[in-house]
Amino acid sequence: MPVEIPKIAYSGKVKEVTLGKGGKTVTVGGETSYPFYLFEGAMTNKPKIAMEVWDCPPEDWAAAALEPFAGVTGDPVAWAKKCINDYGAEMIALELISTDPNGLNRPAAEAAAVVKKVSDAIDVPLIVWGTANHEKDTEVLRLVAELCQDKRLILGPVEEGDHKRIGAASLAYHHTVIASTPIDINLAKQLNILLGNLGVPDDLLVMDPTVSGIGYGIEYCYSVMERMRMAGLTQQDEKLQFPIICNISKETWKTKEAKSPTGEVPELGEARKRGILLEAMSSVALLMAGADVLIMRHPEAIKLVREMIADLTAS
Amino acid sequence: MILIGESINIMSKTLGPALRERNPKPIQEMALAEVKAGVDYLDLNIGPARRAGDELMKWVVETVQAVTDMPLSLDTTNPVAMEAGLKVCKSRALINSVSLQPDRLQAGLPLAKNYNADMIGLLWGAEGMPRDANERCMLAVELVYQANDMGIPTENIWIDPIASPISVEINQVKSCVEFMSMLAEVAPGCKSTVGLSNISNGTPTHLRPYLNRTYLIMLMRYGLHSAIVDAFDAELNAIARGKMPEVVKLVHRVMDGEQIDIKSLSKKEAEYVKTARVLTGETLYSHSWLEI
């Protein structure tokens with residue numbers, strides 16, 4: 001008796017969103033099947049990786065994470081260029097760490113000027129990531145939106161508490177919005193509805209489900225992302241058919257498993273390898289769940305993930 | 001359909017202090033208001049009542065009985081408080097509740113037996129909340145068996161399959177309905193009840209009635225015997241009393257998977273259909289579910 005292979009009936013498609021502007025845009029989304037189920041549908045655009053750049057010198061990074069960026073971590077422009085020129089970054093994610101009110105609390109105008117400098121210096125899409133402090137992000141990201149108008153930045157995290165003001169600025173100055181919710185599919189749908197009501201068009205919206213790394217609840221993120229894709233692809237839920245962006249690098253590299261030097265915890269193995277593998281494997285898990293954009297840090301972790309994407313999409 | 005009014009509750013902002021201060025007036029007023037709104041039972045929820053629970057339950061039962069002879073549902077996890085209430089109940093009481101957690105089972109069953117009370121059999125097992133309809137069935141069978149073994153007749157048991165919030169986990173919302181469709185078979189003669197308002201916990205306050213009403217229709221389809229409800233939702237009351245057959249039919253059509261053209265419906269009908277779609281899991285819930 002011939003075996004009939006079960007096949008999923010898809011009724012929806014992930015929306016295609018083009019990030020950035022000018023020559024080197026990046027288009028994500030467009031999937032018509034579950035991630036890498038190429039035997040059931042198409043992944044028109046492969047998942048993309050943005051490389052993380054901080055707007056101030058990192059103070060507590062693991063040695064392994066700092067080493068590839070030696071000499072440039074004090075200068076975001078040089079750092080971004082190194083990512084592009086030396087490590088082939090297709091996108092840059094500028095983390096506005098210095099604006100954190102509980103940290104350096106750099107004024108919005110200064111932070112926005114740095115964003116402008118970076119955006120003028122590179123031609124790949126630029127993601128700008130705030131600190132998830134609603135008041136400060138509103139202030140900073142609104143200014144960034146204005147100063148870099150028509151650059152088609154990707155601004156986030158935009159949460160329910162600040163979506164109106166950041167959303168309006170993004171809309172006015174033609175940027176893409178990252179809708180961010182705390183690992184909850186119902187809230188994710190709700191924020192997408194609210195941003196739609198505000199007038200944010202579908203092709204200027206990506207969603208951030210909030211992720212964590214291996215050992216810190218990644219299973220839960222996986223399950224929420226998986227359900228987003230099920231709703232969007234098999235239940236025609238138009239409000240969940242947006243590309244997913246995962247800011248995973250910070251989450252893996254801040255853990256003690258990634259940061260502790262080899263000498264302190266010899267039983268965990270060599271620190272460098274450990275950090276890289278944690279980042280790479282967390283990233284691959286998120287790809288399996290449906291990530292379209294990963295924000296990553298270490299060039300070797302990125303290399304591993306790129307190879308995995310190439311293998312899984314090889315025809 | 002038996003409706004149990006949920007308003008006298010230690011968690012209430014106004015009645016909680018009245019209970020703690022033994023101030024009878026707000027409680028008696030609420031009891032009379034619920035009676036007037038047309039419920040069949042009054043739930044008296046004093047919570048875990050770890051300190052002087054027996055004295056509190058006795059007091060609230062007597063306070064309410066002073067103004068109405070409506071049957072009472074005694075709602076506490078403290079068995080000593082429960083017994084103190086049962087002792088002074090004039091009409092046949094409903095114990096809310098006995099679960100399958102060993103200590104609550106051992107304490108609860110003898111009370112139901114000795115006071116010839118009805119009991120709510122909460123399907124909460126030794127390992128917590130059941131994960132699906134099948135686990136609910138297992139727990140229901142076990143609970144009825146244990147109760148029967150103690151000499152409590154099946155018809156005194158009101159199984160509560162646990163309605164859980166739609167904003168948390170749709171599969172549990174579906175499992176509860178699925179279980180109701182199986183209950184008559186797995187535990188013939190059993191009655192049932194559900195804490196209905198829990199379905200809308202965590203959703204915008206002004207929209208909660210839509211979810212409560214539609215979920216009631218869905219559970220009633222499978223013979224739900226009673227529900228602990230917001231007594232003051234008149235439309236919910238009308239549904240329970242069989243006065244809204246048209247919307248009931250409409251919700252049943254959604255449950256059967258029929259694709260209904262929203263544009264052909266009145267505003268109220270459309271709201272029921274949209275709500276039924278989120279409660280069946282056909283559409284994913286969001287706080288704006290009525291608007292899209």
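The legends below describe close-up views of a predicted model with chains A and B. Local features are given at pLDDT of at least 70, side-chain atom pairs count only at pLDDT 80 or more, and totals for chains, interfaces and linings use all residues. Residues are numbered from 1 along each chain as its sequence is written, and chains are lettered from A and ligands numbered from 1 in the order in which they are written.

**View 1. A cis peptide bond in chain A, from A:G156 to A:P157.** Omega here is near -5°. A:P157 belongs to strand β6, residues 154-158 of chain A. Strands (E, at least two residues) and helices (H or I, at least four) are DSSP runs, numbered from the N terminus. Most peptide bonds are trans.

**View 2. A cis peptide bond in chain B, between B:N96 and B:S97.** Omega is about 10°. B:S97 sits in strand β4, which covers residues 94-99 of chain B.

**View 3. A positive phi at A:H174.** The angle is about 60°, and the residue is not a glycine. Most residues other than glycine have a negative phi. A:H174 lies in the loop between α5 (163-172) and β7 (176-180) of chain A. A:H174 counts as partly exposed because it has 15 C-beta neighbours inside 10 Å. The cut-offs count other C-beta atoms within 10 Å of the residue's own, placed from the backbone: 20 or more is buried, 12 or fewer is exposed, and in between is partly exposed.

**View 4. A positive phi at B:N116.** Phi is about 45° at this non-glycine residue. B:N116 is in the loop of chain B between α5 (102-114) and β5 (118-122). B:N116 has 12 C-beta neighbours inside 10 Å, so it counts as exposed.

**View 5. A:P182 in a loop of chain A.** The loop runs between β7 and α6 (185-198). A:P182 is exposed because 12 other C-beta atoms lie within 10 Å. Leaving out residues up to four places away in sequence, A:P182 touches A:L187 and A:T210. Contact means C-beta atoms, placed from the backbone, within 7 Å.

**View 6. The contact of chain A with chain B.** Chain A supplies nine residues and chain B eight. On the chain A side, α6(A) gives the most, with five residues. That side divides into four nonpolar, three polar and two charged residues. Ala, Val, Leu, Ile, Met, Phe, Trp, Tyr, Cys and Pro count as nonpolar; Asp, Glu, Lys and Arg as charged; the others, Gly among them, as polar.

Technical notes
Two residues are in contact if their C-beta atoms, placed from the backbone, lie within 7 Å.
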